[in-house]
Number of protein chains: 2
Amino acid sequence: MAAKGGGAQGKRPQRRVESVPSVQQGGSEPALSIERIVATAVELLDADGVDGLKMRRLAESLGAGAMSLYWHVDNKEEVFDLALDSVLEYRGPPPRGIEAAEWRGAIFHMLEDWRASMLRHPWSASLLPRRALGPNILNRLELLGRILSDAGVADADLNGAIWSLWNYVIGATITRANFDLSDDDMAAAQQRLAHLSEKYPTIERARLLLDNDWDGAFRKGLDFLLDGLVPRQ
Amino acid sequence: MAAKGGGAQGKRPQRRVESVPSVQQGGSEPALSIERIVATAVELLDADGVDGLKMRRLAESLGAGAMSLYWHVDNKEEVFDLALDSVLEYRGPPPRGIEAAEWRGAIFHMLEDWRASMLRHPWSASLLPRRALGPNILNRLELLGRILSDAGVADADLNGAIWSLWNYVIGATITRANFDLSDDDMAAAQQRLAHLSEKYPTIERARLLLDNDWDGAFRKGLDFLLDGLVPRQ
DNA sequence: ACCTGAACACCGTTCAAGT
DNA sequence: ACCTGAACACCGTTCAAGT
């Protein structure tokens, strides 16, 4: 419920140094590890959404006994936190200084990549605002802040600028991810709207629930925001 | 999971015309009704969040037998849909034509009221993008579309404009609602950040996780978006 | 038409126990 | 150190039954 920030490092071993790097003997599954757990959790989430992730199923998919997971993670919440952050890694443009003229492109690239990463894992966008801020998420925020700062945003305005962009990306992606899953539903909804009433003529005329250029709308809105946040000279 | 649009009118009676308007005899509870169910659901959600709403608890709070609810609603999903929409009613400015110069104020008023309504019920913002579009939500979208249209937005751009504003409001409110619940957590997170690393100097310097003027930032970003969507002459 | 309790099929998590 | 099954305390929902 609460937004717990900071690192996601648990009390349990993140790495074991002594163990041979997972030598697979026979057809048996490799040993459990946080990496394997997270990777499989992402697969299940991709396949069946947030509700599709159950601890028992996750263990089963890993070929492990039902309750083995609880040695590696504290609870299901932690699985969500780790899966979310694992999906948001950013390999951006080279980390060396961004030339003055390039800041706008750098921001666009990072935010569009962010959105694309989340749309590849449609469960992730709705999770992001409620969960812990893992290292990959913090990396993106740090990068965003640095670029904006380099682009000339005053320190006093920096938080406002970062959060405005965050809010916009989150909102656009959550909406898109949810509507994306249900083209049929949306068509049906638009149908029902037409039937339902003359109370919503504008929505109906605009066919609000259909035929949207989400990607274009996203870029346009982002342009507007950036124009406002960092006026072009 | 899917965004089911359209009305939320179930197959069950929305109103009973014949029954006396709920004459309460003695200390006994009035009869169950969708209205009472929804009102109590909102109370529980306000008190304990999305996870705090359980069908048994809801029935108990209504003084009804555990399973009586299922005659009135199909399932828990429907309770969410109804509770959400019930919280988003808009009594806006008088419905007569808005003068040309007033459109910006009208949009601001409606969207700030929307955000405020959701912040009063912090569970509602995260629910909005995933649930059915009830009549109150559709009303707001209709109104938004009408004002934008009157303000001069071309039909071809109308959907993009509506969704941009929707996305921004949703994103801003979800973020705010979640961070709002946990001032202590955020302070702790910022602490941990400082400890954690020199990897996030910008975030740390800006104290991103603290001291934010959320309301001001919301208005500012909204201004930028509107400037872009409907250029001032 | 409206309400009810018992019962079913789950779930997350704890715990004492194994190796 | 790592894994396990049995068991607990829940849930949403169905159903046959009441009035």
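**Reading two interfaces**

Modeller: This is a predicted model. Across the interface of chain B and chain A, 4 salt bridges are found. One of the salt bridges joins A:R205 and B:D155, with the closest N and O atoms 2.6 Å apart.

Biologist: How many residue pairs are in polar contact between chain B and chain A?

Modeller: The count is 18 residue pairs, with both residues at pLDDT 80 or more.

Biologist: Which elements of chain B give two or more residues to the side that touches chain A?

Modeller: They are α7 (135-150), α8 (155-180), α9 (183-196), α10 (201-206) and α11 (214-229) of chain B. The most comes from α8(B), with 17 residues. Sorted by class, this side of chain B has 32 nonpolar, 21 polar and 11 charged residues.

Biologist: How should I read the size of such an interface?

Modeller: Interface size is often given as the accessible area lost when the parts come together. Here chain B and chain A bury about 5,600 Å² between them, and 63% of that is on carbon and sulfur atoms. In residues, 64 of chain B are in contact with 64 of chain A.

Biologist: Now the contact inside one chain. Where do the domains of chain A lie?

Modeller: The domain assignment places domain 1 at 1-178 and domain 2 at 181-233 of chain A. Their contact takes 20 residues from domain 1 of chain A and 16 residues from domain 2 of chain A.

Biologist: How much area do domain 1 and domain 2 of chain A bury between them?

Modeller: The two domains of chain A bury about 1,700 Å², with 70% of it on carbon and sulfur atoms. A:R104, A:F108 and A:Y168 supply 35% of the area that domain 1 of chain A buries against domain 2 of chain A, more than any other three residues.

Biologist: What about salt bridges and polar contacts there?

Modeller: The rule finds 5 salt bridges between domain 1 and domain 2 of chain A. The side chains of A:E112 and A:R219 meet in a salt bridge at 2.8 Å, N to O. Between these domains of chain A, 6 residue pairs are in polar contact, both residues at pLDDT 80 or more.

Biologist: Which elements give two or more residues to the side of domain 1 of chain A that touches domain 2 of chain A?

Modeller: They are α5 (103-120) and α8 (155-180) of chain A. α8(A) gives the most, with 10 residues. By class, this side of domain 1 of chain A has 13 nonpolar, 3 polar and 4 charged residues.

How values were computed:
Residues numbered from 1 in each chain as written. Chains lettered and ligands numbered in written order. Heavy atoms only, no water. Domains from an automatic or database assignment. Contact = heavy atoms within 4.5 Å. Buried area = accessible area lost by both parts, 1.4 Å probe. Polar contact = N/O pair within 3.5 Å; in protein donor to acceptor, adjacent residues only side chain to side chain. Helix = DSSP H or I, 4+ residues; strand = E, 2+ residues; numbered from the N terminus. Nonpolar A, V, L, I, M, F, W, Y, C, P; charged D, E, K, R; others polar.
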